[in-house]
Amino acid sequence: MIGLTSYGGYIPRLRLNRMSVVQNMGWFAPAIVMVAQGERSFCNWDEDALTMAVAAARDTLRGMDKQTIDGLLLCSTTLPFSDRSCAGMVKACCNLKDEILTQDHGTTLRCGTSALIGALDAVKSGERNNMMVVASDRRMSKSAYFYELWFGDGAAAVTVGTENVIAEYLGSFSVAHDFVDHYRGTKKDIDYMWEERWVRDEGYGKIIPQAVEGLCKKLSIAPAEIDHVVYPCFFKAEHRKIAKKIGFNLDRVEDNLHEVCGETGAAHPLVMLGQVLPDLRPGETVLLVGFGQGADALLFRATDAIKRLAPRMGIRGSLERKEECDNYQKFLKFRDMIQTEMGIRAEAPTQTAMSTLWRERKMLLGFVGGVCRECGTRQFPKMDICVNPSCNAVYTQDDCEFADAPARVKSFTGDLLAVSVDPPSVYGMVEFPQGGRLMADFTDCKVDDVFVGQPVEMVFRKRYTDSERGFTGYFWKASPIDAAQAALQVGPDQDFTDRVAVVTGAGAGLGRAYALELARRGAKVVVNDLGGAADGSGTSSRAADKVVEEIRAFDGQAVANYDSVASKEGGEAIVKAAIDAFGRLDILINNAGILRDKSFMKMAESDWKAVLGVHLDAAYYVTQPAFAHMREQKYGRIVLTTSAAGLFGNFGQANYSAAKMGLIGFMNTLKQEGARYDIHINTVAPIAATRLTEGLLPPDLLARLEPENVAPAVLYFCSEDCSHSGEILNAGGGYFSRSAIVTGPGAMLGTADTAPTPEQVRDQYSRIATMENAEEYPNLTAAMAPMMAASTGDAPQTAKNADAASAADIFAQMPNVFQKDKAAGIDAVFQYDLAGDNGGQWFVAVKDQTLTVEKGKHPNPTTTLAMSAQDFLDMTAGKLNPMTAYTSGKLKIAGDLMKSQLIAKLFKF
């Protein structure tokens with residue numbers, strides 16, 4: 001079978017509201033209001049057809065072995081070089097193998113579909129095995145013109161081959177006509193357009209039907225039998241007329257995307273196809289048409305494999321990730337259509353040495369660094385010596401790709417003096433959690449949106465243009481991303497390679513979701529499941545076996561185990577299965593569970609004992625042998641499963657609720673016993689659509705509560721990144737929140753000589769029961785501190801805030817020393833991380849001349865200051881100069897370095 005094996009796409013984030021063109025230029029060209037609906041996509045100043053092509057190609061390669069690609073065809077009418085293989089540049093940026101055919105296709109808007117036919121024919125002939133077709137265009141037009149509103153920027157790509165085909169190729173038909181609806185002469189940037197009526201009536205209206213009817217006749221298929229129809233035509237009314245003329249069902253004709261991005265030139269047929277493919281069901285057909293000096297028509301039929309394709313951003317994800325823009329002048333500047341003064345700093349030499357570009361091509365285009373064979377340290381750029389001071393091995397660096405590696409913001413600044421088309425210039429330190437860091441320019445962001453710790457993806461962008469020589473220089477920049485995009489990154493941040501996990505009750509539902517995701521991220525998994533019913537009756541090995549088969553299908557490592565968690569022998573056997581199969585155990589997820597719901601007075605002793613046995617007793621039986629191995633290796637992550645029924649109670653579930661709340665006490669003790677061995681234990685309270693909840697929750701809610709939406713919380717608790725222990729997370733439907741047991745400040749009743757009375761408890765109950773200023777305590781000793789302090793006549797205070805009293809006093813004084821008149825226009829959050837005795841975490845937020853001081857960690861601080869508590873006290877007392885503290889290393893600053901200088905102005909101690 002030959003056909004499509006993958007797809008991807010890219011639409012720039014920036015979208016111009018078309019009415020902003022009318023508002024600015026409607027006085028000159030009032031007729032443009034007729035096509036001013038919605039918005040059009042446009043490139044950032046550092047994007048062009050090449051950078052978009054790289055983005056689409058990388059998206060298409062997600063989840064694929066890219067070394068199998070043996071042909072790359074790049075299709076565009078707006079490439080930055082007339083005599084340089086841009087397809088070769090895309091190949092280099094994607095780090096494809098050298099033994100590959102690369103070709104640039106252009107001079108017609110249907111070059112994308114024509115190249116796709118060529119790629120399919122090459123695979124069909126056996127000449128090539130796997131080929132990629134990438135189409136991208138950034139079309140220019142004159143301002144205040146219909147085409148400025150009709151056009152959009154974008155790119156899309158597909159791969160074709162014979163294995164893992166998601167859409168079978170059924171055939172194609174082409175017609176060629178020297179029909180000139182527009183043209184662009186050599187050395188011209190803007191197309192010359194002929195009359196719209198001519199283009200509509202003689203072009204789209206006649207040539208597209210000719211190609212489609214030819215294909216239908218060739219394949220003996222009627223137009224009405226086709227499930228999805230994709231063809232470009234920026235005339236909305238004509239788009240529908242063509243469908244009627246050919247005989248298509250109008251509800252099967254896909255939208256031309258005018259309102260959301262505009263017509264993306266050579267890329268548009270594949271862009272529209274990329275919008276359709278995620279919704280294709282196995283067996284459905286899709287017709288693809290390209291138009292331009294003729295037309296190409298291709299027919300595909302979806303296979304079962306389309307539902308197994310790895311997630312990707314695609315056209316749909318790109319369209320959702322947008323930044324709306326009403327600034328028409330910005331649009332014109334980004335397209336270099338208005339001249340502005342850039343200053344003498346922009347006059348720096350921009351000549352590129354071709355010899356250096358060749359020698360450093362892997363670093364500059366492929367973003368390849370090094371990894372040391374001796375110690376495993378990653379570094380960028382690759383050098384002859386390992387940067388690890390405890391290694392410093394020479395000539396041990398192997399190539400290591402960084403383009404797809406997860407990364408985070410370490411520090412950043414916004415520089416108004418540096419040359420930038422979109423000031424301020426934002427740049428800073430980017431750190432790769434798996435190893436390596438570099439100073440990088442940031443793109444697709446505003447400085448106020450950037451924060452320390454923010455996930456970023458590395459994107460290939462323009463760096464400069466040497467207009468004198470006609471050369472454009474490119475490199476990689478950091479682009480802040482959201483959680484959804486972070487999840488798509490290849491080589492996830494939380495990588496479980498070489499870790500061994502046991503998941504109980506993993507034959508279905510939540511356990512299956514945990515096991516699959518751990519395996520996808522490199523973990524070796526023991527899939528435990530007795531195979532019983534929801535009430536614990538019956539056994540079957542098939543449930544565990546099926547999950548193991550799923551894991552092995554994507555080359556993961558897993559073994560099945562069928563022992564019961566509700567016995568000491570079963571618990572030991574489960575842990576032994578991990579040691580025997582993989583030699584160690586790092587992660588234990590106690591997930592197995594059953595339900596036997598009855599009102600308390602109808603609950604039999606057997607129902608009580610069975611539920612406690614599978615939930616609470618099982619936690620002891622499985623965790624004790626696992627804990628022993630983790631303690632010996634001085635590392636481990638344990639996750640327990642509680643429930644809202646345990647935390648808050650639920651009618652008819654006294655057995656289940658008791659077991660689930662018992663696990664919280666179990667956790668609170670183990671977190672203390674495991675701390676010295678780097679064993680962290682946490683608990684998740686999931687709400688998910690499983691066999692245990694299908695009869696309890698309404699169908700519309702169940703549809704939103706997929707187990708996969710709980711898995712992120714559990715995997716975080718399983719990761720090395722997780723420093724928390726003894727915490728409870730509620731998780732369901734993508735919503736996460738923390739639960740905790742807290743105690744109010746209370747009240748002291750009676751006296752040293754007189755015992756309190758019930759009447760005093762009654763009369764003072766509002767004081768006793770208040771939860772204002774409630775505290776969470778790490779252990780029993782800390783929880784007893786307020787009572788002990790009150791009994792001796794001291795002011796109630798906990799052990800933990802007694803340790804932080806001196807630092808707390810400084811932050812308590814902050815409102816009194818705040819210089820409100822100096823804070824006009826300042827919006828910043830200063831995070832203080834103070835180590836040692838009297839230390840802790842506080843953040844100080846300044847916005848609109850208002851001050852907020854709170855204990856704890858802010859999620860998005862502008863600037864983070866880390867130092868010892870004593871140095872902090874000395875600095876605020878004037879004994880330690882801030883600059884001296886910084887240069888000596890006593891003060892470490894992350895985030896916006898410039899904003900830290902505001903502190904001395906804002907606060908006078």
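**Surface and sheet**

Visitor: Is tyrosine 192 buried, partly exposed or exposed?
Guide: In this predicted model, tyrosine 192 has a relative accessible area of 44%. Buried would require under 20% and exposed over 50%, with partly exposed in between. Tyrosine 192 is therefore partly exposed.

Visitor: Which residues make the nonpolar surface patch of about 550 Å²?
Guide: Tyr192, which is found in strand E10 (residues 192-193), belongs to this patch. The complete set is Val180, Tyr183, Tyr192, Trp194 and Trp198.

Visitor: Which strands stand at the edges of the open sheet of 8 strands?
Guide: The order is E25-E24-E23-E26-E27-E28-E29-E30, with mixed pairing. An edge strand here has a single partner strand, so one side of it is left without a neighbour in the sheet. The edge strands are E25 (557-561) and E30 (735-739).

Visitor: Within this sheet, which residue in E27 does leucine 588 stand opposite?
Guide: Strand E26 (residues 587-589) and strand E27 (residues 636-641) run parallel and are joined by 3 bridges. Leucine 588 stands opposite isoleucine 638.

Visitor: What angle does the direction of helix H21 make with that of E27?
Guide: Helix H21 (residues 711-718) packs on the sheet, touching E26, E27, E28, E29 and E30. Its direction and that of E27 make an angle of about 145 degrees.

Visitor: How many residues apart in sequence are leucine 647 and alanine 685?
Guide: Leucine 647 lies in helix H18 (residues 644-648), and Ala685 is among the residues it touches. Their C-alpha atoms are 8.7 Å apart in space. In sequence, leucine 647 and alanine 685 are separated by 38 residues.

Methods:
Residues numbered from 1 in each chain as written. Predicted model: local features only at pLDDT ≥ 70, side-chain atom pairs only at ≥ 80, totals over all residues. Heavy atoms only, no water. Helix = DSSP H or I, 4+ residues; strand = E, 2+ residues; numbered from the N terminus. Contact = heavy atoms within 4.5 Å. Patch = residues over 30% accessible without salt bridge, like charges linked within 9 Å, V, L, I, M, F, W, Y side chains within 5 Å. Areas by Shrake-Rupley, 256 points an atom, 1.4 Å probe, with all protein chains shown as cover. Salt bridge = Lys/Arg side-chain N within 4 Å of Asp/Glu carboxyl O. Buried < 20%, exposed > 50% of the residue type's maximum accessible area, 1.4 Å probe, protein only. Pairing = 2+ DSSP bridges. Axes fitted to C-alpha atoms, helices over the stretch in contact; angles between N-to-C directions. Lists of a residue's contacts leave out its neighbours within four places in sequence.
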